[in-house]
Amino acid sequence: MNWQVLGLVSGATLLGVAGLQALGAVVAARRRARASQTHCEARQVEFDRQLAKELQWARASKPIFKAWEGIRPFQVTAVVDEAVDCKSFYLVPTDGHPLPRFEPGQFLTFNLPIDPRKKPLVRCYSLSDRPREDYYRITVKFAHPPQGNSRLPAGDGSSYLHRRIDVDSILEVQAPRGAFFLDPTDNAPLVLIGSGIGITPILSMANTIAHERPDQRAHVFAGFGNSGEHPFRETMRQLNAEHENLRFDISYSRPMPADQVGRDYDHRGYVDLARLKQLLPSSNYRFYVCGPAAMMATMVPALRAWGVPKQHIHYEAFGPASVNSIAPTRTTEEIARGPCQVEFLLAHASLAWAGNHESLLDFAESQGVPLDYGCRAGNCGQCLVSVKAGNVEHVKEPGLPLKKDQCLTCIGVPCGDVVLEA
Ligand SMILES: Cc1cc2nc3c(=O)[nH]c(=O)nc-3n(C[C@H](O)[C@H](O)[C@H](O)COP(=O)(O)OP(=O)(O)OC[C@H]3O[C@@H](n4cnc5c(N)ncnc54)[C@H](O)[C@@H]3O)c2cc1C
């Protein structure tokens with residue numbers, strides 16, 4: 001199947017029959033909007049064809065998640081400074097074919113050739129704009145060395161993007177992916193919570209609500225250090241002013257002397273449950289949360305304690321630190337009781353697992369078995385391997401669909417002896 005056909009489904013993948021009507025309305029609205037634009041006719045025809053197939057796929061409910069196979073080259077058409085150490089990259093496919101729709105909240109995976117002698121570095125970045133016909137956008141925060149450790153190197157992927165990528169650079173991109181996205185079939189009121197660079201998927205969702213779902217209400221709680229660290233300030237101001245159904249609440253934890261409450265931000269402090277309770281009449285919302293480890297570690301349990309059902313709390317963690325600090329579905333110890341044997345077929349190694357590693361990936365690395373990995377958070381799929389014998393369980397929900405005999409080593413632990421094709 002070619003990428004064009006695969007591409008049609010990213011917006012329809014999880015739609016059931018209930019979502020078809022809503023999708024039909026969206027299709028009609030988009031057609032009307034497109035008709036008023038001055039795009040060339042061929043492009044319009046292609047877009048309509050794509051939408052028609054999207055509907056077809058929704059009806060067939062095909063469980064396909066990828067919009068294209070493997071990597072696709074994209075040209076950087078603009079690089080925009082959004083805040084201190086924060087840049088957006090606008091991406092257009094070099095093949096000139098249309099862009100498949102993604103679900104707001106999903107991310108792209110990049111193969112970054114930071115060192116030509118080594119395998120590309122794999123990194124994930126959320127799509128920060130709403131789905132558009134002509135470009136994707138990601139927004140990347142430069143990862144400085146940890147505080148007090150200035151001799152350590154800056155983050156490899158983010159420094160490569162910030163320092164070596166500019167307009168006209170080509171990037172190798174895997175298809176949009178991820179299970180953290182707005183449910184297209186649910187019109188219930190939303191609370192979108194984004195802090196720091198975790199605002200990227202949240203902004204994509206807010207933008208989509210504003211432009212495609214005027215009947216859905218959303219409170220957006222966004223937290224930053226201060227105005228210097230606040231990306232998309234103007235966008236947020238505009239969305240808040242122009243869309244009745246969207247309400248932004250901006251928190252600054254360390255406002256600068258010139259930052260004014262009421263003008264630059266709404267609340268001094270962090271985005272926390274106390275702030276939510278000040279502004280929300282009840283906990284009866286669908287919650288989408290993305291932010292740094294500290295916020296994720298407190299916000300998700302606080303929402304549960306406030307009585308929000310588990311199925312109404314959706315969250316994305318950008319890295320292993322935040323994943324670990326949110327209570328996983330089960331701990332490593334609960335799953336892997338007692339020692340067992342882990343065989344890595346391709347590495348010709350059979351090793352004793354004592355249960356004191358967070359994941360099979362950590363275990364393999366500690367034993368000198370090199371495995372592929374990307375996000376280390378169960379999202380990007382780079383560490384996916386086949387399980388040839390035995391069982392592997394995941395300590396958190398994988399961010400992509402897996403076959404029965406597959407596991408993600410970055411969040412997988414053995415349940416007894418296992419044989420992995422790795
Ligand atoms: C689904 C998903 C979506 C994401 N979306 C976004 C997004 O929209 N925007 C965004 O900016 N990021 C996003 N991320 C995070 C992103 O993928 C990267 O993890 C992030 O850019 C850091 O990667 P890096 O290669 O720059 O840093 P890494 O090289 O992974 O380093 C991480 C940190 O470790 C430090 N370090 C380096 N060496 C050492 C050492 N020896 N000891 C201790 N510390 C060390 C570095 O200085 C750095 O601070 C997302 C992640 C996921 C999983």
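Predicted model: local features only at pLDDT ≥ 70, side-chain atom pairs only at ≥ 80, totals over all residues.
Residues are numbered from 1 along each chain as its sequence is written.

**Around Val 220**
- You'll find Val 220 in strand β8, residues 218-224 (strands are DSSP runs of E, at least two residues, and helices are runs of H or I, at least four, numbered from the N terminus).
- Leaving out residues up to four places away in sequence, Val 220 touches Leu 192, Ile 202, Ala 206, Leu 246, Arg 247 and Phe 248 (contact means C-beta atoms, placed from the backbone, within 7 Å).
- Asp 249 sits 29 residues from Val 220 along the chain, yet their C-alpha atoms are separated by 6.1 Å.

**The whole chain**
- The protein chain has 11 helices and 17 strands.
- Of its 422 residues, 38% are buried.
- Take the contacts between residues at least 6 apart in sequence: 68% of them join residues at least 24 apart.

**Around the ligand**
- The ligand is surrounded by 29 residues, and the closest are Gly 155, Gly 157, Ser 158, Thr 200 and Cys 375 (a residue counts as near if its C-beta atom, placed from the backbone, lies within 6 Å).
- Elements giving two or more residues to this shell are β4 (121-126), β5 (136-141) and α4 (156-164).

Conventions: Contact = placed C-beta atoms within 7 Å. Buried ≥ 20, exposed ≤ 12 C-beta atoms within 10 Å, placed from the backbone.
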